[in-house]
Amino acid sequence: MRHRTTDTTATARHDRDDRVVDAPAGRFRASVGGDVVRAGGIRYARAARFSPPVDEPPAAGTVDATGFSPSSPQNPDPIGLDVFGPDSARPLPPSEDCLRLTVTAPADVRPGEGLPVIVWIHGGSYVSGAGDAISYDPSALVREHRVVVVAVTYRLGVLGFLGDDGRPANLGLRDMLSALRWVARNAEAFGGDPASVTVMGESAGADAITRLMVADGAAGLFRRAVVQSPPLGISRRRAQMAATMAAEVRGVPDDADLDELLAAQRRAVRRVLPRYGLRAAMPFGPQHGYPPVPPEEHLEAAWTRVAPDVDLLIGTNARETALFVEGVLPRTMVPAVGPALREGVGHGLTRAVYGRAVDQFVERHRRAGGRAARYTFLGGPTEHPLRAAHATELPLLLGDPESWRGVPVVAGRDDAELVASGRLLRGAWAQFARTGRPPTDIPGLLRVD
């Protein structure tokens with residue numbers, strides 16, 4: 001999925017005041033505006049191409065953190081479905097030097113105040129998106145519920161999630177671990193509590209969180225997890241597909257031009273799309289059996305072992321695949337039977353890709369002594385073709401109506417309805433991040449089992 005973005009130059013200036021935050025990682029000049037303080041584009045690690053990240057040492061001097069993080073280099077959506085609409089006129093500049101994060105806190109926060117910390121891991125099928133996309137602005141969540149939000153940008157696609165015996169795998173996942181270590185060291189300086197960290201992600205970001213739960217070195221880095229629409233039904237038994245793509249890319253030298261690497265990524269994706277069924281809808285992802293992820297045959301035991309240590313809020317949207325079915329099937333179905341058939345196909349795909357595996361994940365977590373709440377997002381007008389489709393909860397949690405205006409997942413929806421529903425959903429998620437207590441049902445919006 002591609003996400004609309006805004007101006008991100010390191011020297012971007014806005015109508016705001018500046019504040020210097022002293023942290024173990026250095027002194028950061030942050031911007032203050034709209035009742036929040038934001039320190040953006042902070043480097044948490046460095047990495048050469050196809051190399052593991054190296055945690056960033058404390059910075060010398062005062063770092064200008066009044067901008068935003070660049071995006072990881074990326075191709076357009078591999079299946080051609082531009083879910084979030086076109087990029088804005090001022091996109092986040094892509095850069096391989098993208099191991100950055102942005103911290104947003106209440107403007108009147110005090111160092112050591114001990115606020116809950118939410119670490120946002122964006123989705124996008126492991127090939128697109130960025131932590132600082134304008135659609136992901138956490139200001140409303142921060143203002144309303146007095147939390148600290150850290151948005152992480154990590155390597156994508158061939159740069160972050162395709163390895164073999166010659167190139168390390170899971171580099172994007174290792175980037176996330178490095179960012180979480182930064183949070184553990186520095187959250188207190190921004191008013192956060194490093195002992196009260198919740199990782200929150202949607203789609204591929206949610207899938208990544210399930211692997212972070214069992215990753216080497218992750219123990220103690222987060223206490224809770226909000227896992228939104230993880231495609232767990234297609235995230236396993238992928239070794240042969242990854243090997244096929246790696247073979248396509250292997251001939252491109254490590255020091256090749258970036259455009260050549262991205263072209264090889266496109267070829268690799270085209271090669272697997274007709275051969276690997278539903279799994280190829282998300283061609284990249286964590287590779288099991290390569291650090292820091294256990295072998296696939298050990299996953300169940302690993303998830304069982306960590307269950308008591310991670311409070312879990314996990315769920316799906318009622319009509320996840322309506323987002324994709326509505327964009328594909330109308331071209332081939334006659335109007336008289338199209339809607340009913342599309343709905344039936346969408347329901348089956350939602351269960352296969354998302355729902356069934358999430359149910360199993362929750363059952364195992366509970367059997368192992370962990371706390372897990374299973375939700376279903378129901379929201380949106382009943383007549384909207386993308387009601388409760390994949391990602392339609394995001395406009396209620398992050399961004400504001402203006403930043404989402406014209407985007408397909410909210411096109412035609414009333415701003416007032418989005419604002420009112422957003423307050424309810426943000427309150428439910430913030431309560432979980434603060435206390436670990438699961439949310440309760442919100443009629444017409446959220447069902448919690």
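**Ground rules.** I number residues from 1 along each chain as its sequence is written, and my side-chain values use heavy atoms, with hydrogens and water left out. Since the model is predicted, I ask for pLDDT of at least 70 for local features and count side-chain atom pairs only at pLDDT 80 or more, while totals for chains, interfaces and linings use all residues. My helices (H or I, at least four residues) and strands (E, at least two) are DSSP runs, numbered from the N terminus.

**Entry 1: the cores.** I began with the largest nonpolar core, which has 92 residues. By nonpolar core I mean a set of buried Ala, Val, Leu, Ile, Met, Phe, Trp, Tyr and Cys residues joined through side-chain atoms within 4.5 Å. Buried stands for under 20% relative accessible area, exposed for over 50%, and partly exposed for in between (1.4 Å probe, protein chains only). The residues with the most contacts inside this core are Tyr44, Val119, Trp182, Phe190, Met213 and Phe222. Helix α3 gives the largest share of the core, seven residues. I also found a second, separate core of 41 residues, with Val147, Ala322, Val410 and Trp429 among its members. In soluble globular proteins, nonpolar side chains tend to be buried together.

Entry 2: Next I asked what Trp182 touches beyond four places in sequence. Its contacts (heavy atoms within 4.5 Å) are Ala25, Ile42, Arg43, Tyr44, Leu101, Val103, Ala187 and Phe190. Asn186 sits in helix α3 and is buried at 1% relative accessibility. Its side chain reaches the backbone oxygen of Trp182 at 2.9 Å.

**Entry 3: α3 against α4.** How do α3 and α4 pack? I get an angle of about 75° with the axes 11 Å apart; axes are lines fitted to C-alpha atoms, for helices over the stretch in contact, and angles run from 0 to 180 degrees between N-to-C directions. The two helices are therefore roughly perpendicular to each other, a label that covers 65 to 115 degrees (under 35 is roughly parallel, over 145 roughly antiparallel, the rest oblique). On the α3 side I see Leu173, Met176, Leu177 and Leu180, which meet Ala208, Arg211 and Leu212 of α4.

**Entry 4: Asp164.** I found Asp164 in the loop between α2 (157-160) and α3 (171-186). Buried or exposed? Asp164 is buried, at a relative accessible area of 15%. A polar contact of 3.2 Å joins its side chain to that of Arg250. The term means a pair of N or O atoms within 3.5 Å; within protein, one must be able to donate a hydrogen and the other to accept it, and residues adjacent in sequence count only if both atoms are side-chain atoms. Ala246 and Tyr290 are also in contact with Asp164.

**Entry 5: Thr392.** I placed Thr392 in the loop between β13 (372-377) and α10 (394-397), buried with a relative accessible area of 0%. A polar atom of its side chain lies 2.6 Å from the backbone oxygen of Ala389. Among the residues that Thr392 touches are Asn317, Phe377 and Arg413.

**Entry 6: α6.** Last, I checked helix α6, whose 15 residues (258-272) reach 22 Å from first C-alpha to last, close to the 21 Å expected (1.5 Å times one less than the number of residues). At its start, a side-chain oxygen of Asp257 comes to within 2.9 Å of the backbone nitrogen of Asp259.
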